[in-house]
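Work through the following exercises with the sequence and the model side by side. Try each task before reading its solution.

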Amino acid sequence: MTVTPLQARVETDAFDLEKVLASIDTMAAQRPVAAQIVSVANSDDTSAKVLSRILASDVALASRVMKLANSAYFGMRGRVTSLQFAVTVVGFTTVRTMATVALTELDDESRLPENFWDVTTSLALASSALAPRFGERPQDALCIGLLAQMGAALLNHNDREGYAELVDDNPDFTARRVAELRRYGINSLRLTAVALEQWGFPHSMTSRLNQVDDFTSMEGGLLRSAFEVAARLTTEDYDTVPIVRLSCGQLREDDLVPVLDQVRADADELRRAMLGDVDTD
Amino acid sequence: MTPPIGAVAEQPEGRTVSVTMSVPDDDRVPPEIVSSVFYSATVSDTLALVVAEKVGGRSRITWGNVGAVELLGYGLDDLRALPVDHLFPTLGGGELKLLLRRERAARMTLPVRTASGATVEAVVTTTPSPNNRMWTIRILSTTSEQERALRATADAHERRFSTLTERSPVPTLLSEQGMRLAHVNDAFCTLVGRRAEQLLGTGWIETVHEDDLDTVIEQVSAALDGEEVETQARLLRDDGTVRTTIIRFAHLFTPGVGAGFVGTIEDITDRLAFEARLAHQANHDPLTGLPNRTLLAQYVAGRFVPGTGGLACLFLDLDNFKVVNDSLGHTAGDELLTEVAARLSAVVRPGDLVARFGGDEFVVVCENVEQDAAVALAERISVELARPVRLGGVDVRPYASVGVTVQTEEHLSAEELIRDCDIAMYQAKAGGKGRITVLDQRAREDARDKLRLVAELRDAIEKREITLLYQPIFSTVDGSPVAVESLARWDHAERGPISPAVFVPLAEESGLIAGLGLLVLDETCRQLAEWDRLMGWAAPARANVNVSALQLDGNLPPQVSAALERHGLSPSRISIEITESALMKDPDSAREILHQLRDLGVELAIDDFGTGYSSLAYLRHLPVNCLKVDRSFVAELAHGHTEIATAVIALARSLNLSTVAEGVETPEQAAELTRMGATYLQGFSLSQPLTGGHAAAWFAAHGDRTR
């Protein structure tokens, strides 16, 4: 069970969590196609046909799904030429994740914390690569990795200067979350979990977010380890934390070597697929 | 006790159920809350409902239904005083507001604390009232008995499935998404020699042979699209070896997740290798490794276009191979064949086919060559083959007779081409060993004519168109006719009379001699019986029947016996004539058969005596009655050479055998032979060969009692 340990907080006058949460609904209204996909993709009786028909009306999003389906990550080597097949290849959860990215404007880098997508792609790929070690579906792990920092983006959006300062002061992700809790009454991962739960993402996915900071939780171990990989790849002068401890003994340092290589190799392509071509956006 | 309020709710299935609600006396739930409950919730037995209100900065529970009382374990009064955050221990700090939203409904899955202090995992949905101070809270336990049972069943299914695939000897892949694998079993890891971690995700793609990858992806696409497909693909093992497999893909759909596939792999490497070995064995000679006759036929047939040219066949037959085999042994013979095969393969042009036709015969097939080039190749081959081979300490020069045929417009089929070069080879061999012969137009026509003649001979034998003439044989004692020799004649309807010197060897070559021999034997017996009937005691006492060397086997005595019996003749009426050379082919076997014939009671004569090289000692042990002095020795008499005829007659007398002098052309020869002591005479000057009818008349006129 996750227990949020710190009660003390310095809530800024400018920051209103209610407002942030309300903004999530407003966003949905602005991107109706993405919102519809987020809601439909969760249904048990949805199909690639239904999803692709909705997806087709958001050209930018559709082209990203096509691009992702043909990326090295899925190994299809450019064979995916129809949107319906692209949806089949990447899976419903991934389509939903991409719609969520569009919905929350995570594809607009001007509104994001510095380094956001470098960290996110590393996090997602590392999470996917390590998932089998934790008995989890790599696909879900990829998605949760892609969305994990959504809360950070929301915090940044609503408190740009304050959040930038907070990030500068806390380059380490764990310390940063403590600082977030102190400043906003909620940390960014928890905020992500709340938002995703609000949109009907399965609890099995969102609960991982809530357990990252519980070092005794193996369920949180995957994302915790993925954050470590992301930090090693994206944070300058990073002081590594032993992976054995972070992963509840599931991983050793040797195991990380191929994962680091693979993440480095695939990160750019995933980033391009998620953000779309610069000139078309 | 609080009076219950009965309410009726419509379930999704359309079933109507009663829900009993306890309502506090003094603080009635606003109607909008109650309606929101029914419009937003599916009511069921496991559904717990509470109402919360924010009073003085703290949210407290103000009401709960029976489900809530049962789930949470509080009495209703205790529940009514409970702060909401007490129910949700994980919502520390200010997080309760994440659940109790003023402007919209919220939903969270989180632990709910019960009266006992234990927690229950539940999906909690909150709906605010329009005044922003009250919330309806639905608590749906996810750990109900039914849920647990369902999950346990699902887990058991999952475990069964994973055990099945894990332990299965069939290499199995389970996709997660697209080409990405979520699972591989031990059998697949063993097949490709890699660990599961290296294969999951897209890692396994590296094990698929580059040239097969496109096809595999295509099949995966089809499987993801719902089809069941299979494909042959090579998989690369970690040690660099390649396994050929059949991968079968089945579609897999997980609701809410999407499509994947199950791949099962059958390793067919060994089976293919075995089949390839069998196919190779069926088409290749095991000794030399060269294509065999079957493959040769397929090869030529595949390239033969009637009415064109360009194909050439060289037919080689090793000269004296039998000598090597007989003198140095079969191992040396095999060694020689292997060496010849290697030399042939080395000397032909790239793209030419070298095949072992059988025994010591080889065929080379060339494409796009003229006759000159084919002959040049044959010469190169002859030179190359003639280099000495050391076999068992002896240098052997393997000369070959080579027949060459270049395809012409007259070749109607591939078989004709091969047959023609076979003919050419026989002509080369006949012309002396170590030669090269090209089958030209004339030779081809001759050969075809001969083939036609063979067919006609077969017909003639079947239709008994081969007739017999009978030449009388005379006693030197009184000049009376004592016997006849049966002579086969073939009067061809178109070609006219054909000499026995032509058709007997032809029958021997083409396997017709047995039929011909039987015909002569049977017709002779029939004629003897007819003469007996017509002439009584004046009929010829005996008929001599010639037997070919090829007839001299165990079948002959029963055939003779059957013919005699068929026509009711005594065995002494027949004398079997066998050439000296036929006896020498297999002397032991010949002697055995002669003894059997003799035991039947027939007479035996050695034909053409003196032309062969039989040893006198051997002759002495043969159970013969008569020697026939060859016509060539009789002819020599005219030139004063009496030595051999004298010697043969003297020899016969000293062995107590009778003699027949053949080819007596003049009365002088007859007188001379009589003087020398010959027993019988036969020849043109004495009597020509006669038909059966004429012979009857002739014997009636000339015959004395001869028996």
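**Exercise 1.** Which residues in H18(B) meet which residues in H19(B)?

*Solution.* Before starting, note that this is a predicted model, in which local features need pLDDT of at least 70, side-chain atom pairs count only at pLDDT 80 or more, and totals for chains, interfaces and linings use all residues. Residues are numbered from 1 along each chain as its sequence is written, while chains are lettered from A and ligands numbered from 1 in the order in which they are written.

Step 1: look for contacts, that is, pairs of residues whose C-beta atoms, placed from the backbone, lie within 7 Å. From H18(B) come B:Leu518, B:Leu521, B:Asp522 and B:Cys525, and they meet B:Gln559, B:Val560, B:Ala563, B:Leu564 and B:Arg566 in H19(B).

Step 2: sort the residues of this contact, which gives 6 nonpolar, 1 polar and 2 charged; here Ala, Val, Leu, Ile, Met, Phe, Trp, Tyr, Cys and Pro count as nonpolar, Asp, Glu, Lys and Arg as charged, and the others, Gly among them, as polar.

**Exercise 2.** Describe how chain B meets chain A.

*Solution.* Step 1: count the residues on each side, which are 36 from chain B and 41 from chain A.

Step 1: ask which elements of chain B take part; H5 (96–99), S5 (106–113), S8 (172–177), S9 (180–184), H9 (210–224) and S12 (258–267) each supply at least two residues to the side that touches chain A. The most comes from S5(B), with 5 residues.

Step 2: classify the residues of this side of chain B, which are 13 nonpolar, 13 polar and 10 charged.

**Exercise 3.** Decide how far the model of chain B can be read in detail.

*Solution.* Step 1: take the average pLDDT (the predictor's confidence in each residue, from 0 to 100), which for chain B is 85, with 92% of the residues scoring at least 70.

Step 1: apply the general rule that, where pLDDT is low, the predicted coordinates should not be read in detail.

Terms used: Two residues are in contact if their C-beta atoms, placed from the backbone, lie within 7 Å. Helices (H or I, at least four residues) and strands (E, at least two) are DSSP runs, numbered from the N terminus.
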